Amino acid sequence: MNTITNIKLTYCAILTTFNAEKTVVQALESILAQTITPAEIIVVDDCSSDSTLKIIEQKFSRVPNLKIIVN
């Protein structure tokens, strides 16, 4: 039997957005509230025409592992 101890699980959370100004804060807060914090959070915005990106930048600018990709 092969037993591995001290395994550190890591994962990357990916969130896609499109005109999500009403829901993006709740979605990102949910990701950040998980028991195991993701090593990286990637938000991919698909050309939102509302304030989705502005909201993310204002509310989550201090999250060091957050990356934003804009199509």
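Two strands pair if DSSP finds at least two bridges between them. Helices (H or I, at least four residues) and strands (E, at least two) are themselves DSSP runs, numbered from the N terminus. With those terms in place, Ala 13 has Ile 41 in E2 as its bridge partner.

Colleagues, a word on the source. This is a predicted model, in which local features need pLDDT of at least 70 and side-chain atom pairs count only at pLDDT 80 or more, while totals for chains, interfaces and linings use all residues. Residues are numbered from 1 along each chain as its sequence is written, and side-chain values use heavy atoms, with hydrogens and water left out.

I begin with the sheet. It is an open sheet of three strands in the order E1-E2-E3, with parallel pairing. E1 and E3 stand at the edges with a single partner strand each, so one side of each has no neighbour in the sheet. From one strand to the next, the twist averages 20°; here axes are lines fitted to C-alpha atoms, for helices over the stretch in contact, and angles run from 0 to 180 degrees between N-to-C directions.

Next, the strand pairs. E1, residues 12-17, and E2 pair in the parallel sense over six bridges. Within this pair, Thr 16 has Val 44 of E2 as its bridge partner.

Contact means heavy atoms within 4.5 Å.

I turn to burial, on the following scale: buried means under 20% relative accessible area, exposed over 50%, and partly exposed in between, with a 1.4 Å probe and protein chains only. Strand E2, residues 40-45, is mostly covered, with five of its six residues buried.

Thr 17 belongs to strand E1 and counts as buried, because its relative accessibility is 5%. Beyond its neighbours within four places in sequence, Thr 17 is in contact with several residues, including Val 24, Val 43, Asp 46, Ser 48 and Thr 52. The side chain of Thr 17 also makes a polar contact with that of Asp 45, at 2.7 Å. A polar contact is a pair of N or O atoms within 3.5 Å; within protein, one must be able to donate a hydrogen and the other to accept it, and residues adjacent in sequence count only if both atoms are side-chain atoms.

Ile 55 has its place in helix H2 and is buried, at 17% relative accessibility. Leaving aside neighbours within four places in sequence, Ile 55 is in contact with Glu 21, Val 24, Val 25 and Phe 60. The C-alpha atoms of Ile 55 and Glu 21 are separated by 7.0 Å, although these residues are 34 residues apart along the chain.

For an exposed example, consider Thr 10, in the segment before E1, with a relative accessible area of 54%.

Finally, the charged side chains. How many salt bridges does a search of the whole structure find? The search finds one, a salt bridge being a side-chain nitrogen of Lys or Arg within 4 Å of a carboxyl oxygen of Asp or Glu. Lys 67 forms a salt bridge with Glu 40, and their closest N and O atoms are 2.7 Å apart. Lys 67 lies in strand E3 and Glu 40 in strand E2, so the pair ties together parts that are 27 residues apart in sequence. Lys 67 counts as partly exposed at 45% relative accessibility, and Glu 40 counts as partly exposed at 23%.
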